[in-house]
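This report describes a structural model of a protein assembly. Please consult the sequence and coordinates alongside the text.

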Amino acid sequence: MEQLLQVNDLITSFRTTGGKLPAVRGVSFSVNEGETLCIVGESGCGKSITTLSVIGLLPNNGEISEGSIKFQGEELTTKKEKELRKLRGNDISMIFQEPMTALNPVFTIGYQLMEPLKTHRRMSNKEMRSKSIDLLKQVGIPDPEKKLKQFPHELSGGMRQRVLIAIALACNPSLLIADEPTTALDVTIQAQILDLIDDLKTDLGMGVVMVTHDMGVVAEVADRVMVMYAGNVVETGTVDEIFSSPKHPYTKGLLASVPNVDDTDHKLEAIPGSLPNLNETIHGCRFHPRCPFAMEKCVEKDPPQFKVSQQQYSKCWLQEEGISSEPKDRAYS
Amino acid sequence: MIGLIAKRFLQLLLLLVGISFLVFMSMHLAPGDPATIIGGPTATESDLSAIREELGLNKPVLIQYFEYVGGVLQGDLGYSFQNNQGVAEAIATRFPQTLNLAIGSMIVAVIIGVPAGIISAIKQNSWFDFSSTTIALAGISIPNFWLGAMLILVFSVQLQWLPVGGLSAPFWTIEGIKQLILPAITLGTASAAMIARMSRSAMLEVIRADYIRTARAKGVHNNTVIWIHALRNAMIPVITVIGLNFGFLLGGTIITEQVFAINGVGRLMIDAIAARDFPVVQGTVLLVATLFVVVNLVVDIVYAFVDPRISYE
């Protein structure tokens, strides 16, 4: 499988009245063709900002301060806005969290769906129309001819998210970024949308980056998982590795806070404390104030990424040789 | 849509009854007798009572009111006390100038206000934004009569570029446009400022919307994002302000007409009030009220075209 996206040591910061605050602190990851990478973490851990950095849609006060983003071998951080625009909606597409507000209320579905085609492809109106109808069919929208003339408020949330997926797929992108695409939808619709993205990934051979805080979504769609905490990647691995043998205490905490319907005795654990503020200086590992396994070393020095297996890495001193035996008494049940 | 229009006209009718009653009563309660003004200082008491008899002013006020309303319902706005001209006719000859001035001012207000507000929003906190919001504040605060006088002083007296007053030439001639420029700026400035402020805040809200990010994620050019995706949404509240302002402009030409010696409805009204010319005051006030309601109805209809979520079916 070809490597599609390679992000190295990405630092994204925000200019605020209190100075420059890093929201993403040296994140590295890669995505291959036909692969789904899930970025998991609490709200505010920097997962959305990471993806917005990739597609170049950071808010006005945000900027990539360091690091490199290579897409199909080309460096994106040095590209001009005009060149990035040619990639957006064409080679890299993105779907967002809120289908209810992500479509422009005053334009028809047809107009909004044809817009990426108009922008990136030379097509006649007739070709665009038939392509739009195909796209709507592809994402499972009934009666596509009629939908083209309708306005967003005439569609349900699930249908709107399908339209947004159709818009994202219009130019056959090689990379699809989905930022919590199912958060605002109810559970049955959620499953349909996830299946749809998964099917389309297989059919079109796209790479998918899915941002989520829902471990259920991860289990369903991910090939590989990247866990983020306070702007850092704390653990990466295949979906099996993350679920069956998580190494980082934060990953374990995340998994322990998911209810288990098969095990009625399962005790739901919450990770104590809350995510540090962007401007909070924490010495050593940024998770140590909340970590049940924190040692002296964790306060002194920020841990590097330790290799656990071929694909699994954990940014935790517990993985350092010699102290990998975990103190059982304080572990999550 | 037809239901909406019918409902509005019913409301208009009630409104006009209320307004006419208030105006009628306040005119009669206010000091000053039309008969003494018409008769002049030399008129004897018997002259005055003859005048009152002729104008129907000796009848009880309520009877006078009902007679007036009865006339209006039959399309008769009555006759001016001063020159025996029909009120409808007097308004008809003056109204085109007022409409000309109001539309001219509205054009000035929209042409300046909308782009200024939008550019301010796109370049928030830039020097353009700061100066445009400051000028807008000044524009709202400056009184019409002062601005008008200053414009005349600079552009008519000093530079002699534009005429001092009058609006008699038709607006499609060069002379007509020249006559219109200063009064339109005088009257339109406050509206321009209000429209600019509204456009700015509406645009600021819209450019942070999720659908703007969606448009950017499609790779659409920034100009298209702003002037197509954002503008149409931002215009929805701005249209309300434009409509309201147009209503105000139609009724608010009095001072500007006075400053620029324009023979419009505003001056007709002021002269009539001074002369206690009751029927003319009534007629002009009813006209302004009707126009206000009609303009707002038009705004509501325009809404349905701009915003597909609004339907009057």
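**Chain B**

The model is predicted. Chain B holds 13 helices and 0 strands, and its elements accordingly run α-α-α-α-α-α-α-α-α-α-α-α-α from the N terminus on. The C-alpha trace of chain B spans about 85 × 55 × 35 Å along its principal axes. Chain B has 313 residues, of which 37% count as buried. Among the contacts in chain B with a separation of 6 or more, 73% are made by residues 24 or more positions apart.

**The sheet of chain A**

Chain A contains an open sheet of 4 strands, in the order β2-β1-β4-β5 and with antiparallel pairing. At its edges lie β2 (19-32) and β5 (74-75) of chain A, each of which pairs on one side only. Strands β1 (residues 3-16) and β4 (residues 62-71) of chain A are joined in the antiparallel sense over 8 bridges. Within this pairing, A:Val7 has A:Ile69 of β4(A) as its bridge partner. Helix α1 (residues 47-55) of chain A packs on the sheet, where it touches β1, β2 and β4 of chain A. The direction of α1(A) makes about 110° with that of β1(A).

**Nonpolar cores**

| Core | Number of residues | Residues named |
|---|---|---|
| Largest nonpolar core | 84 residues | Most contacts inside it: A:Cys38, A:Ala166, A:Leu175, A:Ile177, A:Val227 and A:Met228 |
| Another core, apart from it | 63 residues | Among them B:Leu101, B:Leu167, B:Leu182 and B:Met198 |

Not counting residues up to four places away in sequence, A:Leu175 touches A:Leu4, A:Leu5, A:Val31, A:Phe71, A:Asp91, A:Ile92, A:Met206 and A:Gly207.

**The interface**

At the interface, 19 residues of chain B are in contact with 24 residues of chain A. On the side of chain B that touches chain A, α9 (210-217) and α10 (222-251) of chain B each supply at least two residues. The most is given by α9(B), with 7 residues. By class, this side of chain B comprises 7 nonpolar, 5 polar and 7 charged residues.

Methods. Residues numbered from 1 in each chain as written. Chains lettered and ligands numbered in written order. Predicted model: local features only at pLDDT ≥ 70, side-chain atom pairs only at ≥ 80, totals over all residues. Contact = placed C-beta atoms within 7 Å. Nonpolar A, V, L, I, M, F, W, Y, C, P; charged D, E, K, R; others polar. Pairing = 2+ DSSP bridges. Axes fitted to C-alpha atoms, helices over the stretch in contact; angles between N-to-C directions. Core = buried A, V, L, I, M, F, W, Y, C linked by C-beta atoms within 7 Å. Buried ≥ 20, exposed ≤ 12 C-beta atoms within 10 Å, placed from the backbone.
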